[in-house]
Amino acid sequence: MKKSFLLVLLVSVVVLAAPKKVVSFRLKKDPAHKAKVYCLEASEDGMEIEYLGTRKKAFVGWSDIVESDAKRLRIKFKLELTEDEKKGLIPGHEIWFKGGVSVRGILERKDEDKNVMFVRTDGMILPYPLDRLDRVEKVKIQEAEAYNEDEIYVMRLEQRPPTNWGDHRRLANYLYEIGNYRKAKEHYEEAVRLRPELRPKVDPILAEIKDILDDEEALGTIQKAKALANLWGRYSEAIDLLEQYAAARPGAKRRIALVLDEIDAVRIRKLTVRYHRVKTREADRAIKNYLLKKSPTLEEARSWIASGFKEELQKRIERRMSLESEELEGLSKTKATGAAHWASYGGGSFVVSPTAKRGKSTGKDVRGDPESWWRRYGDVQSRSTWLKAYAAEQLPELFEVVTIRESKCQKCGGRGVVDKSSVKGLKALGGGHNWKETCPRCYGARVDRGIGYR
């Protein structure tokens with residue numbers, strides 16, 4: 001769960017025998033005495049141990065060890081997750097800037113000479129000016145606040161080594177990306193062994209890896225550049241290193257040009273993922289901030305989505321990502337990938353349903369109007385969920401609707417009307433009557449509408 005595992009992946013070229021580890025524990029049969037031994041191997045059943053100062057070996061089961069010591073050792077040997085790891089929490093930082101704005105992630109380093117600090121956030125390492133810094137607080141953060149999906153996946157292999165062709169291939173792709181070609185080759189070959197149908201796709205990559213490994217002179221430079229770029233996000237340093245190498249060795253220009261293209265492709269892919277992640281987060285924040293400050297009517301909220309929301313969101317993204325306007329414009333034309341985000345109109349689907357009555361106060365038809373429905377759901381969370389669903393459908397230039405899920409209105413059961421009755425006299429004498437009214441929750445829309453969007 002730590003970035004040190006990534007460094008091990010980067011620099012490991014051979015598998016070395018793990019050194020013996022000294023551990024201590026208490027046995028249940030003698031809890032007052034703490035044993036100190038070498039652990040040769042740990043498994044789900046227990047530990048193979050060697051006594052200090054001797055070559056005598058033994059096996060100790062976890063059930064024989066005091067429970068708290070067994071838990072500590074199982075966590076140490078990655079056989080059990082900590083409570084934080086179960087929740088996806090890792091040590092991180094909240095970096096506060098002057099003016100009250102903060103960024104959550106991991107503060108990687110500071111460059112005092114250039115008055116800049118580098119923060120790992122949203123799967124990238126981004127520079128921020130030091131003169132804007134107010135304070136840094138140590139906090140627990142979600143993995144996704146610092147790392148991208150591929151990095152999280154690879155880190156979790158520390159607890160669960162690859163066991164199928166898909167795991168081996170994904171790990172190989174990542175190792176290739178950060179320049180660890182020898183380890184990447186091992187996992188590509190294992191993926192092909194487990195699934196021979198992959199060979200047509202994997203063979204060209206293996207051929208390219210062979211070319212790189214055969215060029216010992218360029219290998220170290222390429223590995224360092226890929227690590228700088230794709231592991232640490234230091235793209236400009238990686239590009240400078242490769243360009244200097246190509247200038248000094250004209251024969252390597254073709255190989256270096258290919259690596260530069262690869263690095264740029266990875267940079268754009270990561271930047272695109274981050275753009276859409278920031279877009280979604282800032283849209284949520286912009287909507288909630290608007291609702292808190294303005295307390296708008298339903299009509300005012302819909303009008304703001306149509307006119308002011310897009311501009312506000314653009315400003316927030318520019319502020320968060322610190323990119324040139326041309327690059328942001330290019331990112332805005334890309335499509336997001338991955339799981340959809342969800343928002344729901346709830347009973348307010350009458351706004352987008354062509355069958356719904358628009359709310360009238362006439363007789364026994366529709367009681368109240370859409371504004372009264374909006375006032376009834378006056379908390380910021382309910383209103384922001386409604387507005388996100390509305391924005392996702394109304395602004396295709398910002399969001400892509402991938403799924404629309406409808407369920408029956410909870411009030412009328414999908415009929416659009418509710419039954420009413422009035423008894424003014426005894427039924428036996430012909431008194432009283434029954435009628436139907438438009439559902440006061442969905443106004444005849446009949447459904448609750450959920451929107452899955454990216």
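Modeller: Let me start with a charge on a ring: the charged end of Arg132 sits over the ring of Phe97, 4.7 Å from its centre. A charge sits over a ring if NZ of Lys or CZ of Arg is within 6 Å of the ring centre and within 35 degrees of the ring normal. This is a predicted model, in which local features need pLDDT of at least 70 and side-chain atom pairs count only at pLDDT 80 or more, while totals for chains, interfaces and linings use all residues. Residues are numbered from 1 along each chain as its sequence is written, and side-chain values use heavy atoms, with hydrogens and water left out.

Biologist: Which ring has Lys226 over its face?

Modeller: Lys226 lies over the face of Tyr176, at 4.0 Å from the ring centre.

Biologist: And how many aromatic pairs are there?

Modeller: The count comes to twelve aromatic pairs, where rings of Phe, Tyr and Trp (its six-membered ring) pair if their centres lie within 6.5 Å, and planes under 30 degrees apart count as stacked, over 60 as edge-to-face and the rest as tilted. One of them joins Phe97 and Tyr128, whose ring centres are 5.3 Å apart with planes at 35°, so the pair is tilted.

Biologist: Where do Phe97 and Tyr128 lie?

Modeller: Phe97 lies in strand E5 (residues 89-97) and Tyr128 in strand E8 (residues 124-129), so the pair ties together parts that are 31 residues apart in sequence. Strands (E, at least two residues) and helices (H or I, at least four) are DSSP runs, numbered from the N terminus.

Biologist: Is Phe97 buried or exposed?

Modeller: Phe97 is buried, with a relative accessible area of 1%, and Tyr128 is buried at 4%; buried means under 20% relative accessible area, exposed over 50%, and partly exposed in between (1.4 Å probe, protein chains only).

Biologist: Changing topic, what lines the second largest pocket?

Modeller: The second largest pocket is lined by 27 residues, of which Glu149, Val273, Arg277, Thr337 and Gly338 lie nearest its centre. A pocket here is an open set of points on a 1 Å grid over the protein atoms alone, where a 1.4 Å probe fits, with protein on both sides within 12 Å along at least five of seven lines, and lining residues have an atom within 4 Å of a point.

Biologist: Which element gives the largest share of that lining?

Modeller: The largest share, ten residues, comes from H10.
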